[in-house]
Amino acid sequence: MGQFRTMANISEQKVTVLCDFTESMNGLILHGIFIASFLDKELCLFSLVPSKENKTEIQEKLGELAGQVKARVKKMVVSTLVLKGKLEQNAEKLADKYDSVLLILNKSKLQEKMKSLGESTIPYLFAGGKTTDLITYKRVILPVDFRKEMKETSLWASYLGRFNNALVQAVGATEKDTDNEKKTKKNLLFIRKFLNKMKVNYTLEESKANSWNIQFEALRMAQTGKGDVLIILGSKHITPIDLLIGLPEKKIIKRANQIPVLCINPSKDMNILCD
């Protein structure tokens, strides 16, 4: 079995995969291997256990998985981590204590996962478990609305552009409200200047969709073959009505099927990558 290590006394930044030992898990690990490779980060295989359960059995299973990854990707550093409790209780800890920069998870139990995203300073990448199609992350679709937190999404778009030579396709909303239109234009201008500075290949286009619908328009673009990953901003001010009818980001993640969706929490400052 290849060498791997547990998370004690490790300070390397990590691409973390939530392993739940369901049918989709192996596919998620492949996404993790691919992203960790082009970002040049450590891969962490992570599981949760109920508070009263013993960690030993899960630790052994993760150890076996880590050994299998090391046997196939010999240059990759692979670690394992088992924490007790729910994801929401451990969301901040993943970044602050264990140096995760990204969490990759499947689309089951979305309500619980979206709730935990509100406590997270790292993005969540929701991916389908099927990996029959080639994983590339080469065509990024970035919907742009009037929210000032859009700058956080452009940062991750730039990572994919810089480290994976991806094309970033920014799609701007069109607003009837003058103030919101100015804010959207300002965000597009920032993104253009930022991606130019980062020397990222990008396109900018305007959509007829407004800020409430631009993410759904971006999803339609991805589903017609124009993109293979979608970067979106989560909801900041969540009302009881939002919870009743469903958050837009939750709807997008469910409808995306096998298209990966990178979702960023607008309520917290995101951790950044160390080059």
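How exposed is lysine 185, in terms of its relative accessible area? Lysine 185 is partly exposed, with a relative accessible area of 37%, where buried means under 20% relative accessible area, exposed over 50%, and partly exposed in between (1.4 Å probe, protein chains only).

## Basis of the model

This is a predicted model, in which local features need pLDDT of at least 70 and side-chain atom pairs count only at pLDDT 80 or more, while totals for chains, interfaces and linings use all residues. Residues are numbered from 1 along each chain as its sequence is written, and side-chain values use heavy atoms, with hydrogens and water left out.

## Salt bridges within helices

The structure holds 8 salt bridges, a salt bridge being a side-chain nitrogen of Lys or Arg within 4 Å of a carboxyl oxygen of Asp or Glu. One of them joins lysine 185 to glutamate 181, with an N to O distance of 3.7 Å. Both residues belong to helix H6 (residues 178–197), where they stand 4 residues apart, about one turn of the helix; helices (H or I, at least four residues) and strands (E, at least two) are DSSP runs, numbered from the N terminus. Glutamate 181 is buried, at a relative accessible area of 17%. Through salt bridges that share partners, Glu181, Lys185 and Glu206 are joined into one network.

In helix H2 (residues 56–72), glutamate 57 and lysine 61 are likewise placed 4 residues apart, about one turn of the helix, and they form a salt bridge whose closest N and O atoms are 3.8 Å apart. Glutamate 57 counts as exposed because its relative accessibility is 52%, whereas lysine 61 is partly exposed, with a relative accessible area of 35%.

## A salt bridge between helices

Lysine 115 and glutamate 88 meet through their side chains in a salt bridge of 3.9 Å, taken from N to O. This pair links distant parts of the chain, since lysine 115 lies in helix H4 (residues 110–117) and glutamate 88 in helix H3 (residues 87–96), 27 residues apart. Lysine 115 is exposed, its relative accessible area being 54%, while glutamate 88, with a relative accessible area of 32%, is partly exposed.

## Glutamine 258

Glutamine 258 is found in the loop between helix H9 (248–255) and strand E11 (261–264), and its relative accessibility of 37% makes it count as partly exposed. Between the C-alpha atoms of glutamine 258 and threonine 184 there is a separation of 29 Å, the two residues being 74 residues apart along the chain.
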